[in-house]
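Colleague: Could you walk me through how to read helix packing and a nonpolar core? I'd like the general idea and then the case at hand.
Modeller: Happy to; let's have the structure in view.

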Amino acid sequence: MEAEHRVPDADSTVLITAHLDSTAADGEFFDADGEPRPYDPAADPAPPGADDDGSGTAGVMAAAECLRRLLDDGGTPTWSIRFVLFNAEEQALTGSKFSARAAAAAGDRIAGVFQMDMIAGRQHGSAPTVEIHSGSSVAGPVATASDALGGRVARTVPLIDPGVTVQQVTGDADPAVGRSDHAGFHERGWAAVAVSEDLFSTPDGEPGNGTRQYHTPGDTLHDEDHSPDFAATVARSVTATALRLAGL
């Protein structure tokens, strides 16, 4: 699913992205008798995916609405802005890799990709923390440009909410390398970052404080770790960074 505001004669495009599909393969499903068993994707109801990645999807739609209002107020971006919702992220990033290949085949020039993947998870009482992942399996200019893109987001977050802690994760140690929809764009030579809740453990083993319902049937709006307010903060930060990069 894709929409784009095209700027005539623009020499580049900024992407704001998320994914539509979800999975509950790591959790238990309770049958009609209340008995638990492993979730069976072939037989059980589709997982809600409120956080992974309904939250990112909502963030992309909010970003598009923000752009619409800025355009109505006379805003004039320098670069085109594309909003993309990928499918089959949970199946080896199939949708985003296809999209990146298609963009490369079309000769697109992409200034940066901002992927929102799980932005609503925050355990009650924990410090609000956002992870910015720019680590890439592609070394050299792609990694350098992605780190710079991540730095833009990192500097924006405290402007939106000074109370949010930022973890900017780069290099080979980034646990999100190859695990979200930004990866396919790295492979094509474009700067890209994935922005998420505090999902991954730190290198010293400190667990993240994001949702505890990752990849389970419990990933619903009723998840006690689901925070729409936190998701709004992350989405605002990403949107402001991306639209500023596009010249607004």
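Colleague: In which hand of crossing does helix 1 pass helix 5?
Modeller: Bear in mind that this is a predicted model. Here the crossing of helix 1 past helix 5 is right-handed.

Colleague: Which residues make the contact?
Modeller: Helix 1 brings G59, A63, C66, L67 and L70, and helix 5 answers with A235, T239 and L243. Sorted by class, the contact of helix 1 with helix 5 has 6 nonpolar residues, 2 polar ones and no charged ones.

Colleague: And at what angle do helix 1 and helix 5 pack?
Modeller: In general, two packed helices are described by the angle between their axes and the distance between the axes. In this model, helix 1 (residues 50-72) and helix 5 (residues 228-245) pack at about 50 degrees, with axes 10 Å apart. Helix 1 and helix 5 are therefore oblique to each other.

Colleague: Now the core: which residues have the most contacts inside the largest one?
Modeller: Those are I16 and F114, in a nonpolar core of 33 residues. Several elements each supply at least two of its residues, including strand 2 (13-19), strand 6 (110-116), helix 1 and helix 3 (141-160). Helix 5 gives the most to this core, with 8 residues.

Colleague: What is F114 in contact with, leaving aside its neighbours within four places in sequence?
Modeller: The partners of F114 include V14, I16, L149, V153, V193, V238 and L245. Apart from this core lies another, of 10 residues, among them A103, I110, F185 and W190.

Technical notes:
Residues are numbered from 1 along each chain as its sequence is written. This is a predicted model: local features need pLDDT of at least 70, side-chain atom pairs count only at pLDDT 80 or more; totals for chains, interfaces and linings use all residues. Side-chain values use heavy atoms; hydrogens and water are left out. Axes are lines fitted to C-alpha atoms, for helices over the stretch in contact, and angles run from 0 to 180 degrees between N-to-C directions. Helices (H or I, at least four residues) and strands (E, at least two) are DSSP runs, numbered from the N terminus. Angles under 35 degrees count as roughly parallel, over 145 as roughly antiparallel, 65 to 115 as roughly perpendicular and the rest as oblique. A crossing is left-handed if the near helix is turned anticlockwise from the far one by less than a right angle, and right-handed if clockwise. Contact means heavy atoms within 4.5 Å. Ala, Val, Leu, Ile, Met, Phe, Trp, Tyr, Cys and Pro count as nonpolar, Asp, Glu, Lys and Arg as charged, and the others, Gly among them, as polar. A nonpolar core is a set of buried Ala, Val, Leu, Ile, Met, Phe, Trp, Tyr and Cys residues joined through side-chain atoms within 4.5 Å. Buried means under 20% relative accessible area, exposed over 50%, partly exposed in between (1.4 Å probe, protein chains only).
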